[in-house]
Amino acid sequence: MDKKYFDEYDKILSGNMDDRKLSEGTYVLDDGSILSIPSLSPNNRFPYGANGFNFWCYASGYMHANDGMFSMILRAEEGKEPKLAFFAGLQDGYLSLLPVPYLDESAFGKVDRFTVFTMEAAYYYTAQGDHRFMVRVIVDENNKLHISLDAENLGQEEKELKIISFANPYLSNSIAESSEDRWFRKCSYLGEEKDICRFLFKINEDLSRTESVSNVGLWSEKIQVLGASQVKKRTYTTARDEFVGGNLRNLSNPAVFERGELASQKPVTSFTDIAIAATENDLAIEAGETVRFEYELAYMKALRNGESFQRLTNESYQKPADYYLQANGNREEAYLKNLFLKTDDEKMNAFFSYLKKQVEFCGTIKGYVQLTPNSLIGIRDVFQALEAMLYIDPQGAREKMLEAFSYIDPSGRCPRQYGIPKVPGDMPPVDLRKFIDQGCWVIDTVITYIKYTKDFDFLKADAGYYEIVDDKKKIVKKSEKRDSVLSHMIAIMDFLLGAMDPDTGCIRALYGDWNDALDGLGVSNKEGEEFGNGVSVMATLQVYKNLNAMVELLDQIGQHSDKIIKYMDASAAIESGLMKNAIITDGDGNKRILHGWGQDRSYFVGSHSDSDGLSRYGLTSNAFFIISGMIRKYPELKGAIKNAYDHLDSKYGYKTFDPHFTVESKGVGRIYKLPKGTAENGATYVHATAFAILSLFMIGEDEMGFEQLEKILPYKHETTNCSPYVMPNSYGYNPELSIDGQSMLDWQTGSSNVVMKLLIWYVLGIRPDYDCLVIAPSAHIPYKTMEYSFVYLKRRIHVLYERKGIGTRKYLVNCKEVDHSIDEATGNCILKIADTSIAGDLNILVTD
């Protein structure tokens, strides 16, 4: 057992790692991994797996896994019985080798526990006296589970102890357990051979009225004994009741502790009890020796009658778990090279690595991350994530975009969410609420992808459609129509223009915009009319940005001259409508950019006097006035935007709205139901805040941008209830509810991709265009050195920034000083490199 992490843990206890502290009980280590002390830290977590399969490991020891709707291991809520558990029986009693389940361990005196997350594996360490234990969790590239359990004797004499394992996998297409599951579930003990014992799970389920299948899983245990150490006895069971002792007991006080063995050796369990796989091993471990247990869980799903599962047995223990650890490490190392960053701030370096992992996680999801029936794949969510992920894994982003394109209606209308059918050919689960912004993110992401990869052939790639049959009943059908990605984009653009209000020239909100909690603007007060003419200013600015981008793209490829004219005319109409209707002025001449308005402009949101009579500031319309490029035509509004930002500022960064909404705020929708100071309702909803920070960098307010970025970085806050090494969803503040910095969730949140993009585009300054690469690190950089590299046109671009205090910026390319220019939008010095001039790898030195 490697003692490296124990040494780091000892440094933490002695106070020598305070500079690496991310939050209470959470530290970044020398190798960039995360150490959590479960008794002190928030419930940190990390997802392992590939291609949308998520195996969640929590610092608390809870684990669960799902591949879309298919749950390998169900989630156990906090305080409930875990689905995987390991125990050690010592002379003074039993230890849990994971932080859960909780046992009374007072007889031992001191027990040390900590958890380490690396990119390759999760480690759970337990130490008591001369005993040291490690449970290591690895998920390989085929999403097979490998768990290693090491029991080490640090004493001077042989020690006798017991190692007990408990596994309760689910292996079904469901995200929640029912009392009927045991009827269709069976576990059989397959016997022991060469120190390996195996259990076979078989779960029968109906995918539809006519489709019945079996899912099988093979849980295996292998013991590796060195020297004179030995296994004296192994007992097993397949019945939960035998293990825990009946339905009044659980894993916190199981009967096996009292009996010291699993005496009945029940080889098969089904129907009347929960089928599990459990073993109890009596060991004698020599002084200084370690005994290793290796567990595997592999599965095959949707087997029809007669199909064999022999492959699971054949592939069992083909290679040791250490092999898969190394393989994971090799993949992560290659992945790291696609976009690498190193500064003189070790916390930022670690955060950037985990941020990339978070973006990849959000970009490859298969749905059901929140383990609720409505947790599907959001079009806006996945495309925003892919716009950041394409800098790390362009091929993966391409594949996911093609998947998502096939769920769009031929009219160009995007679903809000879609899911993968359990059975190919079946109707997918969909969310068809008409949130107007969905297609805006699609166009943005494809254009960013083309500029970075130069993969113009993607525009010709073939994709299908799903036709919307019935909105209310969520019925769609696979269309016979197929055409190119470009045709999909044009259909999306035309659909968005179909939502233009002819009276104001702005885009109607319909069901809502990006801020989906504020879903009342599109409501009609006319009988029989589904949506009124209420407007989202943010969505209008997004469409304006899309139109100009589509004009540029179509001109670049020399196609659809008719659409170019149409989109230019529409862009001019939106510009005129926005400036006439979305910018308001009070009696003192103070201008404000509205968030939107309701039916017939009967009330405003984000105005000097909203429907509740309050003067209110909104964040996202101000941010997108800049992000859309509108600010370049109307720079005089920069002061009004910065004034709004000043009013929205807080200790956790810009709030989405201020003041918050209440029941008196008529017409805004459900947002008032959120408590004051939480999520979008008067709190720092980090996704929106990141939009605003991005906008600051876009107008050359780099120093202010960094000040605000510092406020939203998770490791900058003492109070957190989420993993402090990835972006949270929000920072709440409501002293009446004892909320101060807590968030709704981590990992699955759009804030990650916006922070990643602003770091790439405006801190590192990587901004590709159709025919060139712009390198323009921020004019204000809080690091003395910043080194980064990425792959562009199959070439390695390496950039080193050094702050030398020379007062002017210089660029050297392959040791030769080159001319630079000034960016009109930001006022910063930029280096523009023509694509045609990039014949090999580039080394760029940037000095100030």
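Me: What makes β23 and strand β44 a pair?

Reply: In this predicted model, β23 and β44 (residues 785-792) are joined by five bridges in the antiparallel sense. Two strands pair if there are at least two bridges between them, and five bridges meet that condition, so the two strands are called a pair. Thr343 of the pairing stands opposite Met786 in β44.

Me: How do the side chains along strand β23 point, and which are buried?

Reply: The side chains of β23 (residues 339-343) alternate.

Me: Why is Ser375 called buried?

Reply: Ser375 has a relative accessible area of 7%. Buried means under 20%, so Ser375 is classed as buried. The residue lies in the loop between α6 (346-363) and β24 (377-378). Not counting residues up to four places away in sequence, Ser375 touches Gly367, Tyr368, Val369, Gln370 and Gln417.

Me: Why is Lys186 called partly exposed?

Reply: The relative accessible area of Lys186 is 38%. Buried means under 20% and exposed over 50%; 38% lies in between, and Lys186 is therefore partly exposed. Lys186 is found in strand β16 (residues 185-193).

Me: What makes Leu200 a contact of Lys186?

Reply: Contact means heavy atoms within 4.5 Å, and Leu200 is listed with Phe201, Lys202, Val268, Thr269, Ser270 and Ala275 as in contact with Lys186, neighbours within four places in sequence being left aside. As for Asp457, its C-alpha is 50 Å from that of Lys186, and the two are 271 residues apart in sequence.

Me: Which residues have the most contacts inside the largest nonpolar core?

Reply: They are Phe55, Ile163, Trp219, Phe405 and Ile844, in a core of 223 residues. Helix α11 (residues 537-557) gives the largest share of this core, twelve residues. Apart from this core lies another, of 20 residues, among them Tyr125, Ala127, Ala321 and Tyr324.

Me: How much space lies in the largest pocket, and which residues are closest to its centre?

Reply: The largest pocket holds about 1,500 Å³ of space. Its lining has 43 residues, and Lys451, Ile627, Arg632, Met698 and Tyr762 are the closest to the centre. Elements giving two or more residues to the lining include α9 (438-453), α11 and α17 (751-763).

Me: How does the lining of the largest pocket divide by residue kind?

Reply: The lining divides into 23 nonpolar, five polar and 15 charged residues. Lys451 and Arg632 are among the lining residues, and because Lys and Arg count as charged, both belong to the charged group.

Notes:
Residues are numbered from 1 along each chain as its sequence is written. This is a predicted model: local features need pLDDT of at least 70, side-chain atom pairs count only at pLDDT 80 or more; totals for chains, interfaces and linings use all residues. Side-chain values use heavy atoms; hydrogens and water are left out. Buried means under 20% relative accessible area, exposed over 50%, partly exposed in between (1.4 Å probe, protein chains only). Helices (H or I, at least four residues) and strands (E, at least two) are DSSP runs, numbered from the N terminus. A nonpolar core is a set of buried Ala, Val, Leu, Ile, Met, Phe, Trp, Tyr and Cys residues joined through side-chain atoms within 4.5 Å. On a 1 Å grid over the protein atoms alone, a cavity is a set of points where a 1.4 Å probe fits but cannot get out, and a pocket is an open set with protein on both sides within 12 Å along at least five of seven lines; lining residues have an atom within 4 Å of a point. Grid points are joined across faces, edges and corners, and a volume is the space filled by probe spheres set on the points.
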